[in-house]
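Hi there,

Here is the structure I promised to pass on to you. Have a look at it first, and then read my notes below.

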Amino acid sequence: MLKTAVGRLRAVALLEGVSFVVLLFIAMPLKYLAGMPLAVKLVGWAHGLLFVLFILALAEAAATHRWSLPRVVGAFIASLLPFGTFVLDARLRREEQTAVEPASS
């Protein structure tokens, strides 16, 4: 998975998506309902780092595969939505599988 630009994007997107979901649905409630602000600080820091890595991986994949601007913008928007990177990963995985599958005769 990490051998190609798209594979690296998929890996970082999954990690970034998990960190976003943990931030929104675990760390934020812990901060506001249980008085544990450290959860947001730690998870937020990790999520920020993974977001920057996502942007770098997206730029690499876009440059390597000459993606159109709407495609790049769509992938970026996916990173801003909860569960968006999971949808992005499913689409990229499906594209990889169809590109690898031999044509049936």
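The largest pocket is lined by Trp67, Arg71, Gly74, Ala75, Ala78, Gly84, Val87, Leu88, Arg91, Leu92 and Glu95. Two elements each give two or more residues to this lining, namely helix H3 (69-80) and helix H4 (84-100). The largest share, 6 residues, comes from H4. The space in this pocket is about 190 Å³. A pocket here is an open set of points on a 1 Å grid over the protein atoms alone, where a 1.4 Å probe fits and protein lies on both sides within 12 Å along at least five of seven lines; lining residues have an atom within 4 Å of a point. Points are joined across faces, edges and corners, and the volume is the space filled by probe spheres set on them.

Please keep in mind that this is a predicted model: local features need pLDDT of at least 70, side-chain atom pairs count only at pLDDT 80 or more, and totals for chains, interfaces and linings use all residues. Residues are numbered from 1 along each chain as its sequence is written, and side-chain values use heavy atoms, with hydrogens and water left out.

Now to the overall fold. The protein chain has 4 helices and 0 strands, in the order α-α-α-α along the sequence. Helices (H or I, at least four residues) and strands (E, at least two) are DSSP runs, numbered from the N terminus. The C-alpha atoms fill a box of roughly 60 × 25 × 25 Å along the principal axes. Of the 105 residues in the chain, 32% are buried; that means under 20% relative accessible area, while exposed means over 50% and partly exposed is in between (1.4 Å probe, protein chains only).

Among contacts in the chain with a separation of 6 or more, 65% are between residues 24 or more positions apart. A contact means heavy atoms within 4.5 Å.

Two residues may interest you. Is Ser79 buried or exposed? Ser79, in helix H3, counts as buried because its relative accessible area is 3%. Leaving aside residues up to four places away in sequence, Ser79 touches Glu16, Phe20, Phe51, Phe54 and Thr85. Leu42 sits in helix H2 (residues 37-65) and is exposed, with a relative accessible area of 54%.

Best wishes
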